[in-house]
Amino acid sequence: MIRPLLTEDALAEIEGMLATLAGIFSDAGYAPVEPAHLFPAETLLELYGEDVRSRAFLFNDPEQGGELCLRPDFTVPVALAHGDGGWERARGYAYHGPVFRRQESGSKRAVEYVQAGLEDFGAEDRAAADAHVFALTLHGLDALSAPGQHVTTGDLSIIFGLLDALDLPEHRAGPLRRHLWRPKRFQRLIQRFSSPAEAPSASRSGLLKAVREGRVAELAMAAGEPVGRRALAEVTARAERLAATQAEAPMPGEQAELISAVLAVKAPMGEALEQLRGIAAAAGVALAPVLDRFEARMAAMVTRGLAPENLNFEAGFGRNLEYYDGFVFEVLAKEGTDHPPLAGGGRYDSITARLGAARPIPAVGAMIRPEAVQAAIRGRA
């Protein structure tokens with residue numbers, strides 16, 4: 001729905017929350033930034049993943065051509081601004097303002113809402129930076145008098161590390177990485193990769209035969225005028241991948257079971273770490289580096305006054321933005337399941353290289369939704 005008109009009192013309350021958060025972030029050393037509302041759509045949407053792409057507001061650009069996109073969040077815009085000044089700097093930024101996302105038909109959630117948050121770049125001690133951003137987020141919620149909260153944490157680097165350790169072919173590992181955020185689709189992929197390849201259709205059989213005989217170009221030319229933008233080389237490469245997949249043996253059952261066992265871990269942080277170490281040791285897979293980082297992050301949280309033993313960890317938890325690749329977290333109100341998240345964030349080192357950095361730059365951030373906090377306080381959905 002369209003964002004409802006805020007009363008004078010509600011608007012003053014939101015502005016007060018934003019001022020409180022700005023003060024907290026400024027005191028912690030984060031410089032205020034104010035990115036533009038509109039960006040070239042291609043720049044943003046290829047980084048956010050299909051869930052956000054389908055919810056973006058797009059507009060034709062009458063001057064430059066192409067499309068413009070209303071920012072769906074602040075992370076990529078702030079990262080672009082940081083990169084413009086030099087990726088290798090260690091710098092933190094704070095922001096607040098509206099973001100825009102389409103909602104499902106009939107949803108009570110507004111398509112425009114306010115976020116306030118911070119982004120931290122270049123801190124090589126990733127565990128300490130994760131704990132710092134996480135602690136500041138919880139402190140911000142407390143300062144806003146947010147009601148009882150349910151916090152879920154995860155660490156995407158664990159499952160990514162497992163996929164690397166299993167040495168899966170890229171045509172299997174790639175889709176699994178992309179769809180980790182969508183549990184049902186992820187499980188369908190595991191089931192498909194673990195099963196013998198289905199018998200190809202008649203048309204697919206002809207294509208596979210052409211691959212074996214080196215006649216893909218001939219087959220494509222015989223099909224008539226090309227449709228779409230794919231070059232013949234791309235078509236050939238795709239056909240060759242299909243042929244390799246068709247001939248490949250299914251994923252061993254023990255690999256599928258191991259992936260499922262890791263993703264099933266749900267426990268307080270300390271217990272989860274021990275479970276994961278036990279699973280890795282029993283399977284003989286090298287997960288020590290990512291699990292050591294998990295342990296270091298817990299220790300850093302303790303120094304920030306947090307109690308990891310009281311924090312829920314889910315190995316299969318990931319937020320709905322595909323750029324996250326490490327520690328992730330989300331905070332919900334305990335009461336009122338219709339409320340959107342009060343806050344959330346995580347680590348996204350890899351996106352910096354896709355945006356132009358010479359190497360993946362340490363990057364972690366978080367956002368708080370004052371309007372969601374306000375709604376939770378007032379007990380409305």
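The expected span of a helix is 1.5 Å times one less than its number of residues. Helices are DSSP runs of H or I with at least four residues, numbered from the N terminus. The model is predicted, and local features need pLDDT of at least 70, while side-chain atom pairs count only at pLDDT 80 or more. Residues are numbered from 1 along each chain as its sequence is written.

**Exercise 1.** Determine how far helix α14 reaches from its first C-alpha to its last, and compare this with the expected value.

*Solution.* Step 1: α14 spans residues 288–303, which is 16 residues. Step 2: at 1.5 Å a residue, 22 Å is expected. Step 3: the helix reaches 23 Å, close to that value. Step 4: after α14 comes G305, with a positive phi near 85 degrees.

**Exercise 2.** Identify the buried residues of α14 (buried: under 20% relative accessible area, 1.4 Å probe, protein chains only), and state what they pack against.

*Solution.* Step 1: V290, L291, F294, R297, M298, A300 and M301 are buried. Step 2: their packing partners, by contact (heavy atoms within 4.5 Å), include the helices α5 (126–143), α6 (156–165) and α13 (269–283). Step 3: β7 (149–155), β9 (312–314) and β10 (327–333) also pack against them.

**Exercise 3.** Describe how α1 and α16 cross.

*Solution.* Step 1: the axes, lines fitted to C-alpha atoms over the stretch in contact, come within 10 Å for α1 (residues 8–27) and α16 (residues 370–378). Step 2: they cross at roughly 120 degrees, on a scale from 0 to 180 degrees between N-to-C directions. Step 3: angles under 35 degrees count as roughly parallel, over 145 as roughly antiparallel, 65 to 115 as roughly perpendicular and the rest as oblique; α1 and α16 are therefore oblique to each other.

Conventions
Heavy atoms only, no water. Helix = DSSP H or I, 4+ residues; strand = E, 2+ residues; numbered from the N terminus. Buried < 20%, exposed > 50% of the residue type's maximum accessible area, 1.4 Å probe, protein only.
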